[in-house]
Structure formats: C-alpha cells, structure tokens
Amino acid sequence: MAVPKKRTGASAQGHRRSNWKATKPATTTCSKCGAIVLAHTVCTECGYYKGKPASIKHEDYNAEAVETKPAKKTTKKEEVVVEKAEETKEEAKAEEVSEEKDAE
Ligand SMILES: [Zn+2]
C-alpha cells in the first residue's frame, strides 16, 4: 500500500476540500407542458420526450410503436431486468423532483 511521505497540513487539506462543490443538475423545460425537466430525460410530469409520448405515464403511449427498432435481440430474462432498471430510474427521478420541491 502506498504510504504518504508527509502529513497533509490543515491548509493543504482545506484547499483540496474547497474544490469539492455541489453542481446544479442540467435542466431544460418540457416542450409539451413547460415543466422543468432534467436534460436528456423523459418529462416526469407528462411522460413526453422529444415531442413524443415516451412513458406509460402518458395515455397515448404505444409501446409497440416506440419499440419498432430494437437495438439488439434480448432474451425474456434481460427484458425483465431492463424493465426493472427503468422502473427504478423513474422512481429515482420522482424522488429527485420531490426533493427539489421540498428545498424550495
Ligand atoms: Zn412535460
């Protein structure tokens, strides 16, 4: 294991830690409903992405129409895993949004 040659002083420690900052997440406004949305993500309010319904949240969402060009053949097991991953992403987004609302 690598061992530091000298003790890090309080000043150097402070300088290093001063460069660790929280950054604002990149957000845009939804073209459909105007809500503030994380960039490159489906709108959590109306389920639109790039002017098309992309989430089951929207009543016009047609899964077959969207999945016309599968990237690769997936087995049933993989599909289940992908669906679960998407669900957790949606939940995480919802939590983020609710946290932002709480902060305001
Ligand atoms: Zn929207």
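Modeller: A note on terms before we start: strands here are DSSP runs of at least two residues, numbered from the N terminus. The model is a predicted one.

Colleague: Understood. Where does His40 lie?

Modeller: His40 sits in the loop that runs between strand E2 (36–38) and strand E3 (48–49).

Colleague: And what is the phi of His40?

Modeller: Phi of His40 is near 60°, which is a positive value in a residue other than glycine. Most residues other than glycine have a negative phi.

Colleague: Is His40 buried or exposed?

Modeller: His40 is exposed, because 9 other C-beta atoms lie within 10 Å, and a residue counts as exposed at 12 or fewer.

Colleague: Let us turn to Lys50. Which loop holds Lys50?

Modeller: Lys50 belongs to the loop between E3 and strand E4 (52–53). Its phi is positive, at about 55°, although Lys50 is not a glycine.

Colleague: Is Lys50 exposed or buried?

Modeller: Exposed: Lys50 has 9 other C-beta atoms within 10 Å.

Colleague: Changing topic, how many helices and strands does the chain have?

Modeller: There are three helices and four strands in the chain. Read from the N terminus on, the elements follow the order α-β-β-β-β-α-α.

Colleague: What percentage of the residues count as buried?

Modeller: The chain has 104 residues, of which 6% count as buried.

Colleague: And the contacts between residues at least 6 apart in sequence: how many join residues at least 24 apart?

Modeller: Of those contacts in the chain, 10% join residues at least 24 apart.

Technical notes: Residues are numbered from 1 along each chain as its sequence is written. This is a predicted model: local features need pLDDT of at least 70, side-chain atom pairs count only at pLDDT 80 or more; totals for chains, interfaces and linings use all residues. A residue is buried if 20 or more other C-beta atoms lie within 10 Å of its own, exposed if 12 or fewer, and partly exposed in between; C-beta atoms are placed from the backbone. Two residues are in contact if their C-beta atoms, placed from the backbone, lie within 7 Å.
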